[in-house]
Amino acid sequence: QVQLVESGGGLVQPGGSLRLSCAASGFTLDYYAIGWFRQAPGKGREGVSYISSYDGSIYYAESVKGRFTISRDSGKNTVYLQMNSLKPEDTGVYYCAARPAGEEHTIVASDYDYWGQGTQVTVSS
């Protein structure tokens, strides 16, 4: 079965760093786009970043541009999100999600088919 598992979340002070991992099983990331989303308390899911195997396209939300980096290790079937210079507003549950890769790219949560359970990221004030 298709499965995505996030890990790497935790508690950090402002300015700190975390690296999140999204490990896939049951399918190969070579044919999928992977998105990272986050959800703060009382808010909807916000698109953070994606990477597509179709053309290597990468997207970052304006709020994280210059601080976060998405990457893929095909040998480990894993996508990473390196988060630097973390801010309190980065706090939330972070999810990775997958959809078949193609010419059309999206960071809309409802366009993604498979989701992980999420990992908590807390940045203290």
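Predicted model: local features only at pLDDT ≥ 70, side-chain atom pairs only at ≥ 80, totals over all residues.
Student: How many bridges hold the pairing of S3 and S8?

Tutor: S8 covers residues 78–83, and its pairing with S3 is antiparallel. Within that pair, leucine 20 stands opposite leucine 81 of S8. The count of bridges between S3 and S8 is 6.

Student: Staying on S3, is serine 21 buried or exposed?

Tutor: Serine 21 sits in strand S3, which spans residues 18–25. Leaving out residues up to four places away in sequence, serine 21 touches Val5, Glu6, Ser7, Trp36, Thr78, Val79 and Tyr80. Buried means a relative accessible area under 20%. Serine 21 has 15%, so it counts as buried.

Student: Now the cysteines. Which cysteine is joined to cysteine 22 by a disulfide?

Tutor: A disulfide is a covalent bond between the sulfur atoms of two cysteines. The structure holds 1 disulfide, and its S to S distance is 2.1 Å. The link ties distant parts of the chain, from strand S3 to strand S9 (residues 92–100), 74 residues apart. The partner of cysteine 22 is cysteine 96.

Student: What is the handedness of that link between cysteine 22 and cysteine 96?

Tutor: Look at the angle about the S-S bond, which is 70 degrees. That makes the link of cysteine 22 and cysteine 96 right-handed.

Student: And what is the relative accessible area of cysteine 96?

Tutor: Cysteine 22 is buried, at 1% relative accessibility. Cysteine 96 is buried too, and its relative accessible area is 0%.

Student: Last one: which residue's backbone nitrogen does the side chain of threonine 119 reach?

Tutor: Threonine 119 lies in strand S11 (residues 119–123), and it is buried at 11% relative accessible area. Setting aside neighbours within four places in sequence, its contacts include Glu6, Ser7, Gly8, Leu20 and Tyr94. At 3.2 Å, the side chain of threonine 119 reaches the backbone nitrogen of glycine 9.

Definitions and conventions. Residues numbered from 1 in each chain as written. Heavy atoms only, no water. Helix = DSSP H or I, 4+ residues; strand = E, 2+ residues; numbered from the N terminus. Buried < 20%, exposed > 50% of the residue type's maximum accessible area, 1.4 Å probe, protein only. Contact = heavy atoms within 4.5 Å. Pairing = 2+ DSSP bridges. Disulfide = S-S within 2.5 Å. Polar contact = N/O pair within 3.5 Å; in protein donor to acceptor, adjacent residues only side chain to side chain.
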